[in-house]
Amino acid sequence: MGWVSLSLLWLAVAAPPDSLPADTLAPRPPRVLEAARFHLQDTPNDAGHSVTLRWTYPPGLQDSVRAVIVLRAEAPDVPMQEVKFIPGAPTVYKDMGIPSRTPFYYRVLFLTVTGDTIQSAVLGPVEAYPQWFHTGRIPILLGVVLYVGLLLWFIVQARGGKELFLRKIPGLEAVDEAIGRATEMGRPILYVPGLSTIDDIATIASLNILSHVTRKAAEYETPIIVPNRNPVVYTVSREIVKEAYTSVGRPDLFDPDQVFYVTDSQFGYAAAVSGIMMRDRPATNFLIGMFWAESLILAETGAATGAIQIAGTDAVTQLPFFIVACDYTLIGEELYAASAYLSREPLLMATLKGQDWMKFILGTALVLGSLLGLFGITWVHHFFAGG
Amino acid sequence: MNNLIHKLTHLNRQTIYGILALGIILPLLFPLRLPEHVSPPVQRLYDYIESLPEGSAILLSVDFGPDVLPETYPMFLAVLRHAMARNIRVIGICLNPAGIGLGLEGIQKVAKELHKQYGTDYVYLGFKPNLGATMLGLGEDVHKVFPTDYYGTPIDSLPLFRNVRNYNDIALVVSFSGASHPALWVAYANARYGEKIAAGVTGVMAADYYPYLQTGQFVGMLAGMKGAAEYEYLVEKLFREKGLPTPPPFAIRGMDSISIAHLLIIVLVIIGNIGYFMERKQKGA
Amino acid sequence: MHLSTDPWVWVAAILSLFIFSFLYKDNPLYKFAEHLLVGISAGYYLALYWHNGMYPNIIAHVKDGNLWYLFPLFLGLLYFAIFVPKYAYLIRWPIAFLLGAGSGIAIPATFQASIYKQLEGTLLNPLNTYPSALAVFNALLIFFGVLLVLTYFFFSKEHKGVLGATSRVGIWILMIGFGASFGYTVMARVSLLIGRLHFLLGTWLGLLRF
Amino acid sequence: MAARTIPLAIVFFFGVLMTVQFYIPHPVSQRLYEMVLDWMNGVSAAAIILAVGSLVKHHWRKISRRENVVYSGVTLLAFFFMAFLGLFVSIAEDSLFQTLFANVQVPLQATMFSLLAFYMASAAYRAFRARNLEATLLLLAAFVLMIGIIPIGYLIHPKFADFAQWVLNVPNMAAKRGIMIGVGLGAIATSVKIILGIERNWLGG
């Protein structure tokens, strides 16, 4: 069966029923639910084009309601328009796309399985208005403030000259050796800065490593090839390579032809880089940044040429392929630790300490939240869900 | 002996590629018909369609493009064949612009095989942008969302739509997709209108969709080439019982290829490891 | 056999074979296909950047008289500063804009998606909310698994003693995860190859039918 | 000043602005967000001109050095032809531009993608050696999944497929989540360092 009778019904109720003699329309007068059961308010945390209507059912009624119709008007005494038909017995409706700061009146109709219609009193007025602060995002704000605070704290500490310990990261230990190997073999280094855009933080992390690698390569006068997939990343990596040569006093070594744009096509790029690997035979391949399915095309072709390969990505789905096909792989967060690790710059290293502390705090929250959760206390869950 | 071990641990790439290519191509040309075991999510979808009375209507949504064709297209064909062979009316729509042609091609092909009448037994409404609005709209009135079919014929003039208005008259929606469409179908059509949803998804996406089966939000699910092959197997059995000519086993062949490929990789890895350990033993000795 | 009569099918099929030839070794046919792909796709994306980026996001607004959009137009022009050596450094301005806005957007969004969402999914719930004993076991396993994996990522402490042990187990979990993902993906990749083979053997050569 | 201070100021200003914007649902803030996204798209798109300039120069240089003449010629011809069609003729559904895209670019890309089936095999063969516990776990997990997916898994044990699915859904999930939390922290720390100007490799260190 369908709701074919819906439009008839709507005609019957569109006029404010309390202004009509009840027996002319329906065999039984419609029951009216008191306004106290309804809660009408501006929807919080939005741009001001929505109101939220909530209600409760008298005992036993919810089971017999088969659908709900929400009506709306701009004045209490004009015919209302149907705005929504909801099957089932919901308890909330969010009316969206209404103008800001305009009063509206609502009425809710409940259709029961027995064919009765129960209606609410006229509700309202209510106005939708925009908010300046998203209270639902407080948990994220607290998290960000805490974390940025920690990072700043350790940065300030580092300004005071505090020495920091860093554990070994094999993939990064191998960087200098890999550059040295290319130099010995008299072959170039290939650096792939990932396939993503510049606003992907993994790309930025990769470009920081590129800066370090280029400086080392410049010292050894080993050429470095940087093919790019993204136009903006191309402009940035070109700048970085140029600056790196300048900073070690060898601007003469910079050849604008070594940093180039290939194509935005994911597999077109993979085809071209595979070609470079086969023909220019780089002795060392860096595959660092954000990758998608092409990761294994690059890594396997590189392995076939016998190059030493250092990969790094935060793409969880591509890590398995790098782990399998490359000599060293920076896993996830290790990629972000690289800049600090390679430069040993105290300010950069300091933030690693902050990262560790945050991990510790989040781990503790996870343990405590879970313990509470097991006993049915779930506000920690709501806190994280609020994010 | 030494020589053999060395060879096994150092097979060159071309050899591996050659072996794998044969292992994948040969089953496509000469189906092996490895034994098929039908997994519960596939069986559940089949059983659900089987339980529908003749003349019910179901909606098949082509939500995939050619990029994931090998996995999803055979599912679409298999479900179409099942429904049409059981005289269930089929409404085809498409929510991925890259799939418009595929949807049309598939539905026409199966309709021709089973001598079905356009407009009465099946229709193809074509593509609509704006996923959420379309899914919600179908819960109110198909006629409003798709005033005309793919060919521009007003759907009011099609016999099929005389008693099909919205989800209440559509027994099932099956979304074939390599992306998030099935989840949206659940969010819009199932959660709001209680419509039954099933999904045919690529292997890669399947992992994300298992929870929907556990919670019962999906009636059933076909996952990857394997799910398609299992459904083809069930449909083939049905066709045989009904004395209909059996359809070409597209995914069954594909699954043969995948099985052989997996076994070849496993055997290669084992050979490599045997060689590796023997070499290590020799070096140690 | 029903060979295709569509010339475009022949073009696509022959080019596909050129790419496959790379599996044997690098050769002129692959090299041709590769260079063709790079050229065609670079041209394709240039047109796309114009029709989907430059024009609708900037030019159209400026044409409508929205002067706010002169700012990105100005930044965009600064890219060309690299052709004037004296002012080449001006290219840093548009880059700075993209880096800054990108980083700013990333901070809260990352906190939400990669941290809170993952923590929320890992937190243990009241026991009666789990449908089975296995579900409880799985939730516990994920809970401890996530904690152990996190210890692997501690950088400022040497991985010795307790941390050494936990991070070691963390690596094991990572390896099981990577292996599982790898094994699972084989099917998807072979499916893709089957798709290409269907095109070659079916659409082109007519040896296979659906 | 113009070379370092202004870029650092721009980074700081937009970084803070967009972080704060996230917490403000007001229409003013929403409009700002949409506008900045437009700007980012537009400014990114403008870089394509420099980028294709580099592509053209790269191949032109090769041609003028008389190396790779034919191939670089193919790239340049294909590029200019496609760009001409796309910018000055038509990109409509039935245009030559779309036909070339569908019949040259798409099949070439798809075939390149499908090479992965072979690379999965060679990578597995080379790297799946039980050298140590970690490598063995990697190998075994891969085996479980590869066997669990195919019908033979059912013959080994009816529950084998479920076990494979379990490995994918439970230990793999733990690994993924652990990585993602770490990645999130690392990415945010890097963003903060960029905004504060501590990380300035992009300015040449």
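Modeller: A word on domains before we start: their bounds come from an automatic or database domain assignment. Keep in mind, too, that this model is predicted.

Colleague: Into which domains is chain D divided?

Modeller: Domain 1 covers 1-64, domain 2 covers 68-114 and domain 3 covers 122-196. Take the centres over C-alpha atoms: domain 2 of chain D and domain 3 of chain D are then 38 Å apart.

Colleague: Now sheets. How do strands of a sheet pair?

Modeller: Through backbone hydrogen bonds, either parallel or antiparallel. Chain A has an open sheet of three strands, in the order 2-3-6, and the pairing is antiparallel.

Colleague: Why is one side of strand 2 and of strand 6 of chain A left without a neighbour in the sheet?

Modeller: Strand 2 (38-42) and strand 6 (92-96) of chain A stand at the edges, so each has a single partner strand. From one strand to the next, the twist averages 15°.

Colleague: How many bridges join strand 2 and strand 3 of chain A?

Modeller: Five, in the antiparallel sense, with strand 3 spanning residues 50-55. For one pair to look at, take A:Phe38, whose bridge partner in strand 3 is A:Trp55.

Colleague: And interfaces? How is the size of one often given?

Modeller: Often as the accessible area lost when the parts come together. Here we can count residues: the contact takes 23 from chain B and 19 from chain D.

Colleague: Which elements of chain B give two or more residues to the side that touches chain D?

Modeller: Helix 2 (13-29), helix 9 (203-214) and helix 11 (250-284) of chain B. Helix 11 of chain B gives the largest share, 10 residues. By class, this side of chain B has 14 nonpolar, six polar and three charged residues.

Key:
Residues numbered from 1 in each chain as written. Chains lettered and ligands numbered in written order. Predicted model: local features only at pLDDT ≥ 70, side-chain atom pairs only at ≥ 80, totals over all residues. Pairing = 2+ DSSP bridges. Helix = DSSP H or I, 4+ residues; strand = E, 2+ residues; numbered from the N terminus. Axes fitted to C-alpha atoms, helices over the stretch in contact; angles between N-to-C directions. Contact = placed C-beta atoms within 7 Å. Nonpolar A, V, L, I, M, F, W, Y, C, P; charged D, E, K, R; others polar.
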